[in-house]
Amino acid sequence: MPSSLQGRPVRLLLINPKFPESFWSFRWALENILPDKRALNPPLGLATLAALCPPGWQVEIIDENIEPVPLHPQADIVGICGMAVQFRRQQELIEYYRRQGHYVVAGGSFASLCPERFAELADTVVAGEAEYIWPEFCRDFERNAPHPHYRETGVVRLEDSPTPRFDLLKLDRYVTASMQFSRGCPYRCEFCDIIVMFGRRPRTKSLEQIGRELDRLRAQDIRNVFFVDDNLIGNPKLAKALLRYLADYQERHHYAFQFGTEASINLADDAEMLQLFQTANFAWVFIGIESPDEASLKETLKTQNTGRDLLTAVRTLYAHGIDVLAGFIIGFDNDTLDSFDKQYRFITGAGIQVSMVGLLTALPRTPLHERLQQEGRLIAGAEHGDNTKPGTNIIPKHMGYEAMVQHYQALYRRLFSDHGIAQRIGNKFRYLRNPVYQGKYSLRQRLTIVRRLFTRALLRGGPMRMLHILRTLIAAPPRAWPQVLADWIAGLAMRDYIERHFLTDRHREQRLAQRTAAMLHKLCAAEIRRGVMEIGSRVSEGGAHLQILLRGYVGRVFFTRAARRLEKMLRRSAATVTLHIETLRADQQRQLGRLLKRLAPYGDRVSVWIDERVRSRVPIDSSVFHVLLTRDPRIGNPPA
């Protein structure tokens, strides 16, 4: 054991970095409608990792999506996970904690897929499934001999996976808890990285393991559970055994849980499986439909979706009370600009409210990435972590890149207009007459949700939105009203994201940022002349950006009138703001707090850097804002 640990247990801090906001965030719903919720799902991987630690270790889990990261933790090891979309924040956290003197371990799906990206960042990189290699690292650390790299090269038996430490998660802050039954998928979609990481032969936990996990969640009064399996029915025989077990468990415990999961579309072919899903109380499934175009499906090897009527399959699921959430992709080699209209017609006809349409993205190590790299069709340096952004890292074959992005944004605006939302709900409830979904909220929470939906969505949306909602309620049976309202909440949350993040006019946005900078210059002219404030704007591929640096005392006008200008710019565009604070008088802390409260609805586009000397006096919630842990090199250096 390292000398510094003699006589006391190892202290481990596990961090899930903040996700950049996307359609998956449903931020509007979390902040405005659902009571006391901060994120959709907890970091199940970290809870599993915690359960793999030696019994004497002291483990803490921080999810930056619901709470700020500690800047000076009492920890011997800081473990930081992350998906590709979290890489920038993961990198920032790794560098910060290493500078603080902590031993930092990087892991998660992106470190497993691309461990070379972390080799020079972290003290140790853990790549692959953790059940065997994490305990090995723990033993090595206690012997003061950890290796820089651990990689799982064998096959992990999920029977060896422990019950996750759900007790270390603040589960009451999430919409659903997470569980996992299987890893791996039998299919070979060209764009998918699942089989790269977990293989094509699904492996499963035992039913006894599932029972223990459900018992733990039930003891914590959890009622909504998401099985995070990439394809729960990848092994149909074992999936049916699980569903029978869940149905029996539900009956014994008075249907304590409502489930959701991911599955392939061939679920609609198996009448017995559908009945078991319904009996086990599965309210929804997420299905990768990808495209209604058979040629595109064949091109990407999505064979399980070919040779069938996809619309009939979706309606078959509805007929069994199961709602369908779905993923769609545009940008296959077969696709043209006409594909956007084809997707619109299918999604509308199928009534799929949570329709995650993405531009085709080539993930590292996938067959698609290898093929497009050989063809010279990858865009160097382009983002690839979130395929629901208006951009991608591939050069399309039969349409121009800019035209594709413009049509993509137009498609989303059509889908999530009030009329589009209502039309899909109407089409859905012609077939979803007896939904499993009823919500697992208390009566008080349900009344709160309805009141907030009425005051924050219906009244603000005007009489036409009210009319659309009334029509959808009238068209559905009363038992389906909770599902109708849930669809409106999801649809309006996605609409809110579009309005805040999708560019309507790049030049208009740039002019707005420049005008805002000019107005701030005028309002704060005295402070700028004294050298205690700098204001600048710049334009990049990501859009317009405003920078504000505070070096000394600034007048109240900045925290009042200037704050209103910033809020207006953020509300009317997708521009971003960086606020650098080098010093702040004690009597201005409250004013700064009011400014940040005003900007909080746009916090994902507001970066804040505070000098170490005043950081302890001005805490900034990194789960709301992007708290910079290193100075932006594009901001001027402080005076000597």
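Guide: Helices (H or I, at least four residues) and strands (E, at least two) are DSSP runs, numbered from the N terminus. The structure above is a predicted model, in which local features need pLDDT of at least 70, side-chain atom pairs count only at pLDDT 80 or more, and totals for chains, interfaces and linings use all residues. Residues are numbered from 1 along each chain as its sequence is written, and side-chain values use heavy atoms, with hydrogens and water left out.

Visitor: Which residues of α3 are buried, and what covers them?

Guide: Buried means under 20% relative accessible area, exposed over 50%, and partly exposed in between (1.4 Å probe, protein chains only). In α3, the buried residues are F87, R89, Q90, E92, L93, I94, Y96 and Y97. Contact means heavy atoms within 4.5 Å. The cover over the buried residues of α3 includes the strands β1 (11-16), β3 (77-80), β4 (103-106) and β19 (626-627), together with the helices α4 (109-113) and α22 (612-615).

Visitor: What is the order of the strands in the sheet that contains β1 and β3?

Guide: Two strands pair if DSSP finds at least two bridges between them. This open sheet has 6 strands in the order β2-β1-β3-β4-β5-β6, and the pairing is parallel. Its edge strands, each pairing on one side only, are β2 (58-63) and β6 (149-151). Strand β5 (residues 124-127) runs parallel to β6 and is joined to it by 3 bridges; V125 stands opposite H149 in β6. Helix α5 (residues 130-142) packs on the sheet, where it touches β1, β3, β4, β5 and β6.

Visitor: At what angle do helices α15 and α16 cross?

Guide: Axes are lines fitted to C-alpha atoms, for helices over the stretch in contact, and angles run from 0 to 180 degrees between N-to-C directions. The axes of α15 (residues 418-428) and α16 (residues 443-475) come within 9 Å and cross at roughly 5°. Angles under 35 degrees count as roughly parallel, over 145 as roughly antiparallel, 65 to 115 as roughly perpendicular and the rest as oblique. Helices α15 and α16 are therefore roughly parallel to each other.

Visitor: Which residues of α15 meet α16?

Guide: D418, H419, A422 and I425 of α15 meet R465, H468 and T472 of α16.
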